[in-house]
Structures are given as structure tokens and as C-alpha cells.
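These are my notebook entries on one protein chain. I set down in order what I looked up.

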Amino acid sequence: MSRINVRRAIVLLLTGKAEPLDLTENASIWQVRSPSMVLEVPEHIRMKFTGTERIWKVPRVNRREVLRRDNHTCQYCGSHRNLTLDHVLPKSKGGPHSWDNVVTACSSCNSRKGDRTPAQAGMKLRSKPKAPMHPTVAFAEQFWREQKLDRL
């Protein structure tokens, strides 16, 4: 449930995305007048379907999201300075610009790795890159991890 203003309620009712809902016998109805018509807007409405804004989607691969996922830390040496993005399998070798192939790297590690894979450069990733998960799932995983540590 959420509150919306009368203008938004009118738009949702007129476009057929919502329907009037009568929860009580004496529910109040507002009359909105225009020069050509009078609209009756009920106090409560119900959405007919969930909008796409309520569905969480995996964000696009961009600098801000990759830095957030990697906790603003170089995935090769652990540094927090001069961070850049690095393709694990270089784009020149056919590596995609995807969550599974992009990591945060400091400029010195990125230069040292160059146009090679981490194995070819003799470097090891601190964590396997993956797409971010739904915030609720991430919260639940963190909660259970902490519960497990408290028991030990």
C-alpha cells in the first residue's frame, strides 16, 4: 500500500491501470471538477497489475556499479587508490563488457596486466566477478553469514 496524490489517482483510473476500491460503506469520494466534466475519485484505489518500476533489474555495467560491487578495492592487490575498470579477458581477445568480465583494478595493476589474462600476467583475482544480486537477497545472505559467525 502507498499514498498517492489525487492527480495521480485520476490518471491511473482514466488509463485503466487502477480500479476503485470501496473498503467501507461510507467511504469518502472526492469530486474533481473541470469545465466540461465532474470526476468522482474514491478514497482508495487498487492497481490492476504491478508496474515494471517495482521489479528489480540487474543494473547496467558501469563504473559506479562495478566500484560498488567490488567495495572500491583493486581486485588484484587490494589498493583503494587510482581505481580503474579492467576486463579480465581483454576486449581485444573477445572478452565481453559484462558483469562476469569487468573488475575494479588500480592503475598500476591494470598497466601491469595490460592486454593479457590474469593467468598470463601471473596475477590472481581476489574474488570472482559476478552480477550484483537483488538487495533483499544480499541482505539475507549477509544476515545468515553474521548468524553463522555468532554461533562459532
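The entries below move from the whole chain to single residues and pairs.

**Entry 1: the whole chain.** I first noted that the model is predicted. I then read off the secondary structure, which comes to five helices and six strands. Starting from the N terminus, I wrote the order of elements as α-β-β-β-β-α-β-β-α-α-α.

**Entry 2: dimensions.** I looked up the radius of gyration of the chain and found 26 Å, whereas a compact globule of 152 residues would have a value near 15 Å. Along the principal axes, the C-alpha atoms fill a box of roughly 75 × 45 × 25 Å.

**Entry 3: surface and contacts.** I asked what share of the 152 residues is buried. The share is 24%.

**Entry 4: Thr73.** I located Thr73 in the loop between helix H2 (63-69) and strand S5 (83-87). Thr73 has a relative accessible area of 12%, so I recorded this residue as buried. Beyond its neighbours within four places in sequence, Thr73 is in contact with Gly78, Ser79, His80, Leu83 and Thr104. I also checked Thr84, which lies eleven residues from Thr73 in sequence and 10.0 Å away in space, C-alpha to C-alpha.

**Entry 5: Pro118.** I found Pro118 in helix H4 (residues 118-121). Is Pro118 buried or exposed? Its relative accessible area is 9%, and Pro118 is therefore buried. Setting aside neighbours within four places in sequence, I listed Tyr76, Val88, Lys113 and Met123 as its contacts. Met37, by comparison, is 81 residues from Pro118 in sequence and 69 Å from Pro118 in space, C-alpha to C-alpha.

**Entry 6: salt bridges.** My search of the whole structure gave seven salt bridges. One of them joins Arg69 and Asp70, at 2.9 Å from N to O. In this pair Arg69 is partly exposed because its relative accessibility is 22%, while Asp70, at 7%, counts as buried.

Another salt bridge joins Asp115 to Lys93, with the closest N and O atoms 3.8 Å apart. This pair links distant parts of the chain, 22 residues apart: Asp115 is in the loop between helix H3 (107-113) and H4, and Lys93 is in the loop between S5 and strand S6 (102-106). I noted both as partly exposed, with 43% relative accessibility for Asp115 and 47% for Lys93. Elsewhere, salt bridges with shared partners join Arg64, Glu65 and Arg68 into one network. Glu65 is buried at 11%, whereas Arg64 is exposed at 56%.

**Entry 7: aromatic rings.** I counted one aromatic pair. The ring centres of Phe143 and Trp144 are 5.1 Å apart and the planes stand at 75°, so I classed the pair as edge-to-face. Phe143 belongs to helix H5 (residues 135-151). Phe143 is partly exposed at 34% relative accessibility, and Trp144 is exposed at 52%. Together with Phe139, Phe143 and Trp144 make a nonpolar surface patch of about 370 Å².

Terms used
Residues numbered from 1 in each chain as written. Predicted model: local features only at pLDDT ≥ 70, side-chain atom pairs only at ≥ 80, totals over all residues. Heavy atoms only, no water. Phe/Tyr/Trp six-rings, centres within 6.5 Å; stacked < 30°, edge-to-face > 60°. Buried < 20%, exposed > 50% of the residue type's maximum accessible area, 1.4 Å probe, protein only. Patch = residues over 30% accessible without salt bridge, like charges linked within 9 Å, V, L, I, M, F, W, Y side chains within 5 Å. Areas by Shrake-Rupley, 256 points an atom, 1.4 Å probe, with all protein chains shown as cover. Salt bridge = Lys/Arg side-chain N within 4 Å of Asp/Glu carboxyl O. Helix = DSSP H or I, 4+ residues; strand = E, 2+ residues; numbered from the N terminus. Contact = heavy atoms within 4.5 Å. Rg over C-alpha atoms; globule rule 2.2 N^0.38 Å.
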